[in-house]
Amino acid sequence: MESTAAESQKGDRDVILNGECSTSLHEKEEINKPEQPQKLCSANKFTDLNGLTIHTQSRPSTSTNENHLTSGHSDLLEYDPSTSEEKNPTEQAELEDPCEKSTNLTYVSYESELQMEAIMALITKDLSEPYSIYTYRYFIHNWPNLCFLAMDGDNCVGAIVCKLDMHKNMVRRGYIAMLAVEKEYRRQKIGSNLVVRAIKAMQEDSCDEVVLETEVTNTAALRLYENLGFVRDKRLFRYYLNGVDALRLKLWLR
C-alpha cells in the first residue's frame, strides 16, 4: 500500500489500511451477521443517461439480510425519482425546481489543484465527519483519472473521488471514496452519471470489483447504488465517529 501525506501527518484521523480508507479514531469493528440465502445481482448491464454502459458479472453477495451490509465514505443524498413513492400534485410541483432543468451541465475529469478547493467545499457539506486536505490529495493525486466533476458553467455541482489498486494481492479493487451533489441539483441523476463514469474508467484499467461504504441510514444513496447493480456485502458497526453503522456495497465487474 502506498504511503500518503495523510499517513505522515501526526494526529490525522485518516488511515489507509489494506486498501481501505478509515476516518475513525477508534478501531472499526466489522461483525458479520449469520449467513443468509445468497442473492444474485439482477442485471448484467447498466446504461446511464448519456449512453455510457457498464457491464457487470453476476455474483452472489455474502449476505442479503436487510439490515446487513459501503475512499471512505459515500454520503450522497440524491434521490432517484424512478424509484420514489408517488407524490401528490403539490409535492410534485415543489420538486420541479428550475435548477433541475439546467441544460448547461457538463462532466469533466479532474485537471489540476485549482479544482481542489471546489471539490472539498462541495463534499464537506454532506460528510458526517471531516476529511483533511491530505486525504483528498491522497486519492486525487494518485488517481486523477478516477475523479470526475459535474459542472454548471463554472460551478462545480457534483463530484466523485475514487481509487483503484490491488486488494490482498488477488483482485484489482475499485473504491468509491467520496460522492456528493449540490442540494439544488439533485434528482437529475447527476450522482448516477458520476458513478457510471468512474466505473467505466475503472473497467478500462482492468478493475475486477468496486466497493464503497455509506451510512446505514442513507437510504437515498443505498437506492442509487443498488439501482446500478451493487449488492449489500457487510454491516460495519459504529463505523463513523458519530456512532452510526456503515453498510458496505460491492459490484462485481468480472
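The model is a predicted one: local features need pLDDT of at least 70, side-chain atom pairs count only at pLDDT 80 or more, and totals for chains, interfaces and linings use all residues. Residues are numbered from 1 along each chain as its sequence is written, and side-chain values use heavy atoms, with hydrogens and water left out.

I start with the cysteines. A disulfide is a covalent bond between the sulfur atoms of two cysteines. The rule used here asks for a pair of cysteine sulfur atoms within 2.5 Å. How many disulfides does that rule give? The count is 0. For Cys156, the nearest cysteine sulfur belongs to Cys147 and is 8.3 Å away. Cys162 also has Cys147 as the closest cysteine by sulfur, at 8.0 Å, which is too far for a bond. On burial, the terms are these: buried means under 20% relative accessible area, exposed means over 50%, and partly exposed is in between, with a 1.4 Å probe and protein chains only. Cys156 is buried at 13%, and Cys162 is buried at 1%.

Next, the charged side chains. Side chains of opposite charge can pair when their charged atoms come close. A salt bridge here is a side-chain nitrogen of Lys or Arg within 4 Å of a carboxyl oxygen of Asp or Glu. The structure has 9 salt bridges by this rule, and I will go through some of them.

One of them joins Lys163 and Asp165, with 3.6 Å from N to O. Lys163 is buried, with a relative accessible area of 0%, and Asp165 is buried at 10%.

Another joins Glu209 and Arg173, at 2.8 Å from N to O.

Arg254 is partly exposed, with a relative accessible area of 43%.

Now the rings. Rings of Phe, Tyr and Trp (its six-membered ring) pair if their centres lie within 6.5 Å; planes under 30 degrees apart count as stacked, over 60 as edge-to-face, and the rest as tilted. There are 5 aromatic pairs. In one of them, the ring centres of Tyr131 and Tyr136 are 6.1 Å apart and the planes are at 85°, so the pair is edge-to-face. Tyr131 is buried at 8%, and Tyr136 is buried at 0%. Tyr225 and Phe230 are also edge-to-face, at 5.4 Å between centres and 75° between planes, and both are buried. Ring pairs also link Tyr138, Phe139 and Trp143 into a cluster.

Last, a strand. Of the 7 residues in β11 (residues 231-237), 7 are buried. Two strands pair if DSSP finds at least two bridges between them. Strands β11 and β12 run antiparallel and are joined by 5 bridges. Val231, for example, has Lys250 in β12 as bridge partner.

Key
Helix = DSSP H or I, 4+ residues; strand = E, 2+ residues; numbered from the N terminus.
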